[in-house]
Amino acid sequence: MTPTTEAAPISDGNVRWGILATGGIARVFARDLSMHGHRIVAVGSRSLENARGFAAEFDVPSAHGTYQDLVADPEVDAIYVATPHTFHATNARAALEHGKHVLVEKAFTINAGEARRVVELASERGLIVLEAMWTRFLPHMAFVRRAIAEGRIGEVRSLHAEHGQRLPTDPAHRLNAPELGGGALLDLGVYPLSFAHDLLGPPTEVMATGTLGPTGVDLSVATILRHAGDRISTTYSSMESLSRNTAQVLGSEGRIEIGSVWYAPARVAVYDADDRLVDAFERPVSGRGMQYQATEVERLIGAGETVSPLLTPDDSVAVMATMDQVRAALGVRYPGE
Ligand SMILES: NC(=O)c1ccc[n+]([C@@H]2O[C@H](COP(=O)([O-])OP(=O)(O)OC[C@H]3O[C@@H](n4cnc5c(N)ncnc54)[C@H](OP(=O)(O)O)[C@@H]3O)[C@@H](O)[C@H]2O)c1
């Protein structure tokens with residue numbers, strides 16, 4: 001079977017991006033955007049030296065030594081927030097208060113209350129707030145949604161997805177720091193949970209168990225969710241062990257398998273009820289694939305719209321609400337909650 005392929009989107013550079021923070025994912029985002037014609041006009045860091053280094057590396061004209069200076073920069077249309085989780089709400093609000101559209105790294109905030117307040121502010125200001133759950137915008141996910149909508153696997157009954165990585169154990173690392181929203185759930189578990197929301201809608205029942213590390217953050221999390229129509233999703237996420245990171249959607253007339261790594265550009269296979277391969281999707285994606293979410297922000301700005309049908313602000317709030325319930329089952333709270 002010949003895999004389906006599509007052309008990679010190249011931006012016309014009409015939207016002027018500002019990048020807030022200069023850490024690991026900010027660099028990946030900047031590289032992917034630079035490769036695909038998007039225009040980055042400014043970067044902000046807590047350190048002017050870091051901002052200048054980042055600006056030199058990615059050929060960005062303006063470097064700011066505070067986040068406040070970045071969000072106030074009149075040359076910027078949209079801000080990408082790439083700080084640790086506990087700062088997302090503050091950083092997103094600052095951008096919105098200065099009239100900027102905002103793309104906020106996952107997890108959107110640390111809890112649903114924070115998420116709601118960010119979404120309300122964006123709505124009041126008529127601005128875009130989009131969670132950078134990049135998987136939702138990838139071409140293979142469009143194929144999966146289409147295959148389901150066309151009834152290729154009949155009635156969807158369940159899905160399973162996992163996200164396991166072996167991440168740093170250093171207690172000072174942000175992933176192990178409760179005050180930075182560390183733990184497997186907000187960094188890794190958010191992917192399969194957002195996937196379950198995407199395909200099955202918000203859950204009507206949430207069950208979860210997990211293990212905690214010495215600093216009190218969750219190291220592994222297993223969830224069972226019930227969704228409308230008696231459908232079930234299961235997820236497993238861990239920062240202690242590398243998994244194959246695959247996903248599957250089971251239906252009454254077949255199944256969809258998303259290969260390793262399912263949340264990044266991946267191969268999708270559709271099987272019928274007799275286990276015969278009936279369709280497949282695979283496309284080479286240049287870079288890591290983070291450019292697709294930026295393309296969606298640019299499409300919305302161009303169309304004068306604020307809500308992406310691929311990931312609505314309400315859905316980001318709903319995912320946070322599910323994760324609040326998961327954390328309650330695990331007994332995990334962040335300082336100040
Ligand atoms: N989409 C993906 O594939 C992906 C992958 C990894 C992470 N993420 C998400 O991206 C966000 C950042 O993760 P990351 O891995 O890039 O983190 P990181 O490498 O630690 O970078 C975080 C950046 O945030 C800024 N920051 C502000 N206050 C900070 C504080 N108190 N401690 C540490 N850094 C602080 C720093 O930038 P300045 O020094 O310039 O101010 C720092 O470089 C998280 O929400 C994470 O879940 C997404």
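The legends below describe close-up views of a predicted model.

In this predicted model, local features need pLDDT of at least 70 and side-chain atom pairs count only at pLDDT 80 or more, whereas totals for chains, interfaces and linings use all residues. Residues are numbered from 1 along each chain as its sequence is written.

**View 1. The shell around the ligand.** Of the 22 residues around the ligand, those that come nearest are Thr 22, Gly 23, Gly 24, Ile 25 and Ser 45, a residue being near a molecule if its C-beta atom, placed from the backbone, lies within 6 Å of it. Helix 1 (residues 24-35) gives the most to this shell, with three residues; helices (H or I, at least four residues) and strands (E, at least two) are DSSP runs, numbered from the N terminus. The shell divides into nine nonpolar, eight polar and five charged residues, where Ala, Val, Leu, Ile, Met, Phe, Trp, Tyr, Cys and Pro count as nonpolar, Asp, Glu, Lys and Arg as charged, and the others, Gly among them, as polar.

View 2. The domain assignment gives domain 1 (16-135) and domain 2 (139-284), with bounds that come from an automatic or database domain assignment, and the shell around the ligand draws at least three residues from each of them. The centres of domain 1 and domain 2, taken over C-alpha atoms, are separated by 26 Å. Eight residues of domain 1 are in contact with ten residues of domain 2 (C-beta atoms, placed from the backbone, within 7 Å). On the side of domain 1 that touches domain 2, the residues divide into four nonpolar, three polar and one charged.

**View 3. Helix 6 and what covers it.** Within helix 6 (residues 139-149), Pro 139, His 140, Met 141, Phe 143, Val 144 and Ala 147 are buried; a residue is buried if 20 or more other C-beta atoms lie within 10 Å of its own, exposed if 12 or fewer, and partly exposed in between, with C-beta atoms placed from the backbone. The cover of these buried residues includes strand 12 (254-258), strand 13 (268-272) and strand 14 (277-281). Just after helix 6, Gly 151 takes a positive phi of about 75 degrees.

**View 4. Two residues other than glycine with positive phi.** Ala 21, in the loop between strand 1 (16-20) and helix 1, has a phi near 100 degrees, and this residue counts as buried because it has 26 C-beta neighbours inside 10 Å. Asp 230, in the loop between strand 9 (218-227) and strand 10 (231-238), has a phi near 55 degrees, and with 9 C-beta neighbours inside 10 Å Asp 230 counts as exposed.

Methods
Two residues are in contact if their C-beta atoms, placed from the backbone, lie within 7 Å.
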